[in-house]
Amino acid sequence: MNLTAEQIKENYEVLLRGIEKYVTGNRKQQFLDFYNKLDERIALLPASHKKAYHNCFPGGYADHVIRVITASFKLLKVWQEIGMQDTFTEEELFVSALNHDLGKIGSLEHVSVLPSADEWRKKNLGEMYTFNTNNEYMTVPDRSLFLLQQAGIQLTTNEWIAIKTHDGLYDQANEAYLKGYMPETKPRTSLPFILHQADLMAARIEFEREWLDTFGNENPKTKSTKQDRVNTNLDKIGSNNDNLMNLVKNL
């Protein structure tokens, strides 16, 4: 998939408008300053380095983050309807979804990935980007939290745990947080589970969009409308200052 320059610019602006809408207090300006300092990198970054993964194209990162934010707010309503207790705020949900993959941008000094110059690896392995070895190794969640720490942005306990564990039990390191057997060791909010489900849903949709047709699984009922639906939703995000919540309401 390829995004136009206009779509890439609009997606980045959606993130900024989300900050304006949902983040309060001093953190609002801190987030705006941080994102504007790294605006081109955040706007142009792919969500992954390899085509076999999700959103491996310029602008894929912001496209993925918007989808996770959207899914998070929709799933919030589902959990509330089922009977979830209110243990976190919409601001905490937005901040966690916005920054769940922030570590993918790299360090403050160095971008995480660079366009690959290896034609063989691009053609045979689908590796369109190569990792920038100037960065010291960190997991994505840990780098996300470290970057926010460097920016002086204070997270709530709910946000910290949600970002740290957003990969769910796919990451063995999260078992200590998510696999507690005693009531006092279980998460005290549903936010980590909602964020994980939203991320899983977004990545799955991105996989289907990129790959299902290549396996001969095209559904003729959706063939002519599925990409139009994505584009329409992105248009709705940017139509007014209530972008993200309006998108959720209109999906």
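Serine 96 sits in helix H5 of this predicted model, and with a relative accessible area of 0% it counts as buried. Leaving aside residues up to four places away in sequence, serine 96 touches Glu159, Ala162, Ile163, Leu191 and Leu195. Three of these names lead on to helix H8, which spans residues 157–164 and in which Asn158, Glu159, Ala162, Ile163 and Lys164 are buried. The cover over the buried residues of H8 includes H5 itself, together with H2, helix H7 (140–150), helix H9 (175–178) and helix H10 (191–211).

The protein has 12 helices and 2 strands, and read along the sequence they follow the pattern α-α-α-α-α-β-α-β-α-α-α-α-α-α. Of the 251 residues, 46% count as buried. Among contacts with a separation of 6 or more, those between residues 24 or more positions apart account for 67%.

How do H4 and H5 pack against each other, and at what angle? Their axes lie 9 Å apart and meet at an angle of about 150°; since angles over 145 degrees count as roughly antiparallel, H4 and H5 are therefore roughly antiparallel to each other. The crossing of H4 and H5 is right-handed. On the side of H4 the contact is made by Tyr61, Val65, Val68, Ile69, Ser72, Phe73 and Leu76, and on the side of H5 by Glu90, Leu93, Phe94, Ala97 and Leu98. By kind, the residues of this contact of H4 with H5 divide into 10 nonpolar, 1 polar and 1 charged.

Helix H2 (residues 25–37) and helix H5 (residues 90–99) pack at an angle of about 15°, and their axes are 14 Å apart. That angle makes H2 roughly parallel to H5, and the crossing of H2 and H5 is left-handed. Here the contact is formed by Arg27, Phe31 and Tyr35 of H2 and by Glu91, Val95, Leu98 and Asn99 of H5. The residues of the contact of H2 with H5 divide into 4 nonpolar, 1 polar and 2 charged.

With ring centres required to lie within 6.5 Å for a pair, the count comes to 5 aromatic pairs. In one of them, tyrosine 22 and phenylalanine 94 have ring centres 5.2 Å apart and planes at 25°, so the pair is stacked. Tyrosine 22 belongs to helix H1 (residues 5–22) and phenylalanine 94 to helix H5, so this pair ties together parts that are 72 residues apart in sequence. Both tyrosine 22 and phenylalanine 94 are buried. Tryptophan 211, however, is partly exposed, with a relative accessible area of 24%.

Serine 112, in turn, lies in the loop between H5 and strand E1 (113–115), and at 13% relative accessibility serine 112 counts as buried, because the cut-off is under 20%. Serine 112 and arginine 41 are 71 residues apart in sequence, yet their C-alpha atoms are 9.5 Å apart in space. Not counting residues up to four places away in sequence, serine 112 touches Leu45, Lys104, Ile105, Gly106, Thr130, Phe131, Asn132 and Asn135.

Technical notes:
Residues are numbered from 1 along each chain as its sequence is written. This is a predicted model: local features need pLDDT of at least 70, side-chain atom pairs count only at pLDDT 80 or more; totals for chains, interfaces and linings use all residues. Side-chain values use heavy atoms; hydrogens and water are left out. Axes are lines fitted to C-alpha atoms, for helices over the stretch in contact, and angles run from 0 to 180 degrees between N-to-C directions. Helices (H or I, at least four residues) and strands (E, at least two) are DSSP runs, numbered from the N terminus. Angles under 35 degrees count as roughly parallel, over 145 as roughly antiparallel, 65 to 115 as roughly perpendicular and the rest as oblique. A crossing is left-handed if the near helix is turned anticlockwise from the far one by less than a right angle, and right-handed if clockwise. Contact means heavy atoms within 4.5 Å. Ala, Val, Leu, Ile, Met, Phe, Trp, Tyr, Cys and Pro count as nonpolar, Asp, Glu, Lys and Arg as charged, and the others, Gly among them, as polar. Rings of Phe, Tyr and Trp (its six-membered ring) pair if their centres lie within 6.5 Å; planes under 30 degrees apart count as stacked, over 60 as edge-to-face and the rest as tilted. Buried means under 20% relative accessible area, exposed over 50%, partly exposed in between (1.4 Å probe, protein chains only).
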